[in-house]
Amino acid sequence: MAPNMRMQMAPDLSFSRVAHGYWRWDEWGISVDDLAQLLPQILDLGITTFDHADGYALGAAETAFGEAFAKTGISRESIEIITKCTLVYPNEHVKVKYYDTSREHIIARVNRSLQKLQTDYIDLLLLHRPDPLMDPESTAAAFDELYESGKVRHFGVSNYKPIDFDMLQSFSNQKLITNQIEVSVLQHENFDDRTVQHAVMKRIHPIVWSPLAGGRIFTGQGEEEVRVREALEAIRAEIGAPAIDDVALAWIFTHPVGFVPITGAAELELIRRPIEALDYTLTKEQYFTIWSAKTGRRVP
């Protein structure tokens with residue numbers, strides 16, 4: 001991937017234009033050895049940014065990645081690792097899922113992630129979801145401690161709305177450099193509630209999860225999904241793309257905020273597709289054709 005195909009997230013941190021994500025690790029059906037063979041091929045595509053969370057596959061995803069990456073012998077400095085924390089999942093000791101953004105919890109989970117990922121530092125730590133019981137002074141204290149110890153280099157949030165983002169930033173000495181949000185041709189919530197516009201104002205580049213709407217662009221049978229699929233197919237023919245996912249991803253890349261989508265595939269050919277989508281540029285008319293297909297109405 002050429003230098004101009006990277007996204008500058010902070011003065012001293014850039015990401016590949018597409019990240020590889022491990023949310024679905026337990027559905028991939030591959031071994032650690034398989035992943036160790038896949039990782040160099042992913043890097044050859046120009047994808048160097050890897051998205052994790054302490055709860056993905058109940059922690060097994062971080063462990064598998066750490067073991068697989070160690071087998072590759074690739075330099076740690078050649079990749080960027082994202083991980084998230086603050087979600088507590090039910091287990092034999094926990095009855096209900098809840099959020100914990102306390103200093104003690106964040107530091108404990110980061111230390112655990114570092115061990116599982118077999119690394120000395122995390123490039124970007126995200127708080128997984130807003131916590132209605134957040135004590136922002138405690139959260140900010142965790143950020144300071146992790147930054148000063150060198151364990152975390154940058155911080156951000158995931159699924160935060162503008163007021164949640166601004167509230168935490170007002171307490172934190174560490175700049176929040178991104179917000180990981182859901183965006184796709186079928187998911188406009190973060191446009192409608194101005195979360196994307198907030199990112200533009202803050203000069204940050206959001207990371208995008210589920211950029212293909214969890215596969216609904218291919219298989220969804222609702223009226224909205226059928227309309228959008230028909231629009232994607234028509235534009236696919238216009239631009240000469242091989243498949244509608246190229247169009248759906250090009251739609252995301254078109255926005256000037258500079259989205260960094262996550263691909264959650266385990267097959268190299270599918271991992272390659274978002275990179276190939278960068279070759280296609282949509283006109284404004286094509287962009288709003290898809291927008292209108294999703295909303296079921298013309299742009300007002």
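Q: Which residues do ring pairs link into a cluster?
A: Some ground rules come first. This is a predicted model, in which local features need pLDDT of at least 70, side-chain atom pairs count only at pLDDT 80 or more, and totals for chains, interfaces and linings use all residues. Residues are numbered from 1 along each chain as its sequence is written, and side-chain values use heavy atoms, with hydrogens and water left out. Rings of Phe, Tyr and Trp (its six-membered ring) pair if their centres lie within 6.5 Å; planes under 30 degrees apart are stacked, over 60 edge-to-face, and the rest tilted. The cluster linked by such pairs consists of Tyr-22, Trp-25, Trp-28, Phe-50, Phe-65 and Phe-69.

Q: How many aromatic pairs does the structure hold, and how is one described?
A: A pair of aromatic rings is described by the distance of the centres and the angle of the planes. The structure holds 16 aromatic pairs. One of them joins Trp-25 and Trp-28, edge-to-face, with 5.6 Å from centre to centre and 70° between the planes. These two residues are three apart in helix α1 (residues 25-28), so about one helical turn separates them. Helices (H or I, at least four residues) and strands (E, at least two) are DSSP runs, numbered from the N terminus.

Q: Are Trp-25 and Trp-28 buried or exposed?
A: Buried means under 20% relative accessible area, exposed over 50%, and partly exposed in between (1.4 Å probe, protein chains only). Trp-25 and Trp-28 are buried. For a second pair, take Phe-191 and Trp-251: the ring centres are 5.9 Å apart and the planes stand at 75°, so this pair is edge-to-face. Phe-191 belongs to helix α7 (residues 189-192) and Trp-251 to helix α11, so the pair links distant parts of the chain, 60 residues apart. Phe-191 and Trp-251 are both buried.

Q: Which residues touch the most other members of the largest nonpolar core?
A: A nonpolar core is a set of buried Ala, Val, Leu, Ile, Met, Phe, Trp, Tyr and Cys residues joined through side-chain atoms within 4.5 Å. The largest one has 48 residues, and Val-185, Leu-232, Trp-251 and Phe-259 touch the most other members. Helix α11 gives the largest share of this core, six residues. Apart from it lies another core of 34 residues, including Trp-25, Leu-43, Ala-64 and Ile-81.

Q: What is Val-185 in contact with, leaving aside its neighbours within four places in sequence?
A: Contact means heavy atoms within 4.5 Å. By that rule, Val-185 is in contact with Ile-217, Val-228, Leu-232, Ala-248, Trp-251, Ile-290 and Lys-294, its neighbours within four places in sequence left aside.

Q: Which residues of α10 are buried?
A: An α-helix has 3.6 residues a turn, so residues three or four places apart point the same way. In α10 the buried residues are Glu-225, Val-228, Arg-229, Ala-231, Leu-232 and Ile-235. Seen down the helix axis they fall within an arc of 165° (taken over the directions from the axis to the C-beta atoms), so they line one face of α10. On the other side, Glu-223, Glu-230, Ala-237 and Glu-238 are exposed. The cover over the buried residues of α10 includes α9 (216-219), α11 (244-254) and α13 (284-295).

Q: What follows α10?
A: Gly-240 follows α10, and its phi is positive, near 75°. Thr-86 is not a glycine, yet it has a positive phi of about 105°. Thr-86 sits in the loop between β5 and β6 (87-88) and is buried, at 0% relative accessibility.

Q: Where is Glu-80 placed, and what does its side chain join?
A: A polar contact is a pair of N or O atoms within 3.5 Å; within protein, one must be able to donate a hydrogen and the other to accept it, and residues adjacent in sequence count only if both atoms are side-chain atoms. Glu-80 is in strand β5 (residues 80-85). Its side chain and that of Arg-6 are joined by a polar contact of 3.1 Å. Glu-80 is buried, with a relative accessible area of 8%.
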